[in-house]
Amino acid sequence: MAKVIGIIGSPRRGGNTEIIMQEALKVCQSEGLETELVHLAELNITPCQECLFCKKAKECKLNDDFPPLFEKLVKAQGIILAAPVFFGSAPAQMKAFIDRAGYLGIARDRPFERKVGGALVVARRAGQNFTLAQLLYFFLYHGMVVPGSTYWNVAFGRDPGEVWRDEEGLRTVRNFARNLSWLIKMLY
Ligand SMILES: Cc1cc2nc3c(=O)[nH]c(=O)nc-3n(C[C@H](O)[C@H](O)[C@H](O)COP(=O)(O)O)c2cc1C
């Protein structure tokens, strides 16, 4: 069965980012796909050290929680990244993941090529477009296929649960997940 991995970059459990990711994964499940949720905040993923070890060794020399996560992603057919906006961009946890996965992906001859992916972003007020672009750069760099929705995948809320009030944001996320599932089933 094709699998979608949802990666949450918020440090807050049960927050708005988790809510919209769960909504997306529920749709994927109802479309017959297997799903897995990963909270970066529960993992120890240190920032890229720019040692370039991976270029030669084809693996990262940092012995933390990143290498097993990377192998999981290589096996998946779909990847969704979700993040809240922190000072106009993605939180440090998500940035560390993108840098590590992005660079090892190059060293490993682009294992994400033609997988399906997309990004979800939550903001209180501003920075959502920049952050969405920041996350999308990962997919577009790696030759992944990104389906659209009925709007851009952003939702609004500050305190945990506030995002439930953003009916259009939730609908956009669900429609994205429907398109992502459709595409995965077409390709795999
Ligand atoms: C350190 C920090 C920085 C933030 N910066 C922004 C920001 O630049 N723009 C914005 O709209 N919201 C900002 N927020 C609000 C969060 O994006 C918002 O509360 C979001 O719903 C949090 O998602 P979560 O519940 O999944 O953690 C910030 C919150 C924190 C803690």
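This is a predicted model: local features need pLDDT of at least 70, side-chain atom pairs count only at pLDDT 80 or more; totals for chains, interfaces and linings use all residues.
Local features are taken only where pLDDT is at least 70 and side-chain atom pairs only at pLDDT 80 or more, while totals for chains, interfaces and linings use all residues. Residue numbers run from 1 along each chain as its sequence is written.

Start with strand S1 (residues 3-8), which pairs with strand S2 (residues 34-39) in the parallel sense over six bridges. Helices (H or I, at least four residues) and strands (E, at least two) are DSSP runs numbered from the N terminus, and two strands pair if DSSP finds at least two bridges between them. Val 4 sits opposite Thr 35 in S2. To get from S1 to S2 the chain goes through H1, in a right-handed β-α-β crossover (with the strands pointing away from the viewer, the path from the first strand over the helix to the second runs clockwise).

H1 also packs on helix H6 (residues 167-187), at about 35 degrees with the axes 8 Å apart. Those axes are lines fitted to C-alpha atoms over the stretch in contact, and angles run from 0 to 180 degrees between N-to-C directions.

Now for the ligand. Of the 20 residues around the ligand, Ser 10, Gly 15, Thr 17, Pro 84 and Ala 123 come nearest (a residue counts as near if its C-beta atom, placed from the backbone, lies within 6 Å). H1 (16-30) and strand S4 (116-123) each supply at least two residues of this shell, and the largest share, three residues, comes from H1.
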